[in-house]
Amino acid sequence: MKPTVAVLLGDAGGVGPEMALKLLARDANRQAAQLLLIGSADILADAERLTGQALDPLRCPAADALRFEPGRVSWLPTDGLGGPLVRGQATEAAGVEAMRCLDLAADAARQGRVQAIVFAPLNKHALRLGGLQQEDELRHLQQRFGVDGFVCEFNITGSLWTSRVTSHVPLRDVAALITPHAVADAVLIIERALRQAGVAQPRIAVSGLNPHAGDGGSIGREEIDVIAPAVQRLQADGVDARGPYSPDTVFIAARRGDFDAVVSMYHDQGQIAMKLMGFERGVTLHGGLPVPVATSASGSAYDIAGRGIANVEGLQAAFDLCVAMAAPR
C-alpha cells in the first residue's frame, strides 16, 4: 500500500505555491504515493500560470469523500483568499488560508485518511496575522493532534539530523530552559525519529550551551551541572549520546560522519551550521506528532515570489522523507 500524503501550497504571497506545483507535477512523486492537494482554486490557478504546469487534479467535495486514481493528484479545495493575491508580503488573508489548510490536513491525519503531511514554505508572521496563537505551526499542530509530550523541530541535510532543546524563544530565555529533562527529551525524540527513518543505531552528539562548552566552568556551568549529567543518564539507559561538545566544533565532526544527529541548545546554534551545509536541499521535520510532517528548510522567500525560479529540491527531500517514514504505517 502506498501512503497517502497531503501536500499544502504554503504561504500564498511567497514561493510556496510554485514549489508545491513543481513537486506535484513530477511523475515519480505521483507514483510514490497517493497525493492529496489541499488548497484554494485561486492560489492553485496562479501557481499553474507561474510554473506552466496544468495539474488537472481530481476534485473531492469533502475530506470524507476522498477519491484517488493511479498517477493523478486528488484535490480538496478550500474557500480561498476572499480577495486579490498579494505577492511578496505577509497578509492576514494568506495566514488564514494557510492555517485552514494546516487544520484540514491535521484532521485528515487524525481520521487516518492521510499518513503524512508535506507543506510548502509558510510565513510565521502571516500565520500570526491569520490567527496563530502558539509559538509556531509545530505547537499549533501539537494542540490540533492532542499531543501532550515533547515535540521538536528537526533540521535535516543529507544524512545529518539536528534537534534542539529550545526553539522559537528569545535568546535571553534560553539558559533557564536548559534542564536535564529538556535535554533528555531532545535526545530521545530524535533517536526515535531516526530509528523510524531506518537508522538502526543512532549516534547522537549533544552540544554545550556556552562558548567552548563552558571551558571547565570558567564560561558558564550549564555543561557541568545540567548537560553532562543528562547525557550520562541517557548512556546508562542504552542511548548512544555523547557530549557536551563545544558548539563551534561539533558540526565539523558531524559533517565528517562521526554522528547521525546533533542536539543543539537553541535555534541558531544548529540552524546556521545546517543551512551552510546545504540550504537548498535542507528539510524541516516536525518531530513528536502522530504522522510525519515536513517542509523545506527554505522560507517563503518574498523577494523572489512570482518569478517561477524557486528551487524545489528541499521540498522534494521533505517529500521523500515523509514517504519513507509513512510507508510502514
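Why do the end C-alpha atoms of helix α9 (residues 222-236) lie 20 Å apart? At 1.5 Å a residue, its 15 residues should span 21 Å, so the distance agrees. That expected span is 1.5 Å times one less than the number of residues. Helices (H or I, at least four residues) and strands (E, at least two) are DSSP runs, numbered from the N terminus.

This is a predicted model: local features need pLDDT of at least 70, side-chain atom pairs count only at pLDDT 80 or more, and totals for chains, interfaces and linings use all residues. Residues are numbered from 1 along each chain as its sequence is written, and side-chain values use heavy atoms, without hydrogens and water.

**Helix α9**

At Ala228, α9 bends by about 30°, and Pro229 follows within four residues. The bend is the angle between axes fitted to the seven residues ending there and the seven starting there. Ala228 is also among the buried residues of α9, as are Val226, Ile227 and Val231. Buried means under 20% relative accessible area, with a 1.4 Å probe and protein chains only. The cover over the buried residues includes α8 (180-196), β8 (204-207) and β9 (241-245). Just after α9, Gly238 has a positive phi of about 90°.

**Cores**

A nonpolar core is a set of buried Ala, Val, Leu, Ile, Met, Phe, Trp, Tyr and Cys residues joined through side-chain atoms within 4.5 Å. The largest has 67 residues; Val5, Trp161, Ile178, Val206, Val263 and Met265 touch the most other members. Its largest share, 9 residues, comes from α8. A second, separate core of 27 residues includes Cys101, Ala109, Ile117 and Leu127.

Which residues does Val5 contact, leaving aside neighbours within four places in sequence? They include Leu35, Leu36, Val118 and Phe319. Contact means heavy atoms within 4.5 Å.

**Cavities and pocket**

On a 1 Å grid over the protein atoms alone, a cavity is a set of points where a 1.4 Å probe fits but cannot get out; a pocket is an open set with protein on both sides within 12 Å along at least five of seven lines. Lining residues have an atom within 4 Å of a point. Points are joined across faces, edges and corners, and a volume is the space filled by probe spheres set on them. There are 3 cavities of 30 Å³ or more.

| Space | Volume | Top lining element |
|---|---|---|
| Largest cavity | about 60 Å³ | α4 (residues 92-110), 4 residues |
| Largest pocket | about 270 Å³ | α11, 3 residues |

Cys101 and Phe119 are among the residues lining the largest cavity. Of the 18 residues lining the largest pocket, Lys124, Thr284, Ala297, Ser298 and Gly299 lie nearest its centre.

Terms used: Buried < 20%, exposed > 50% of the residue type's maximum accessible area, 1.4 Å probe, protein only.
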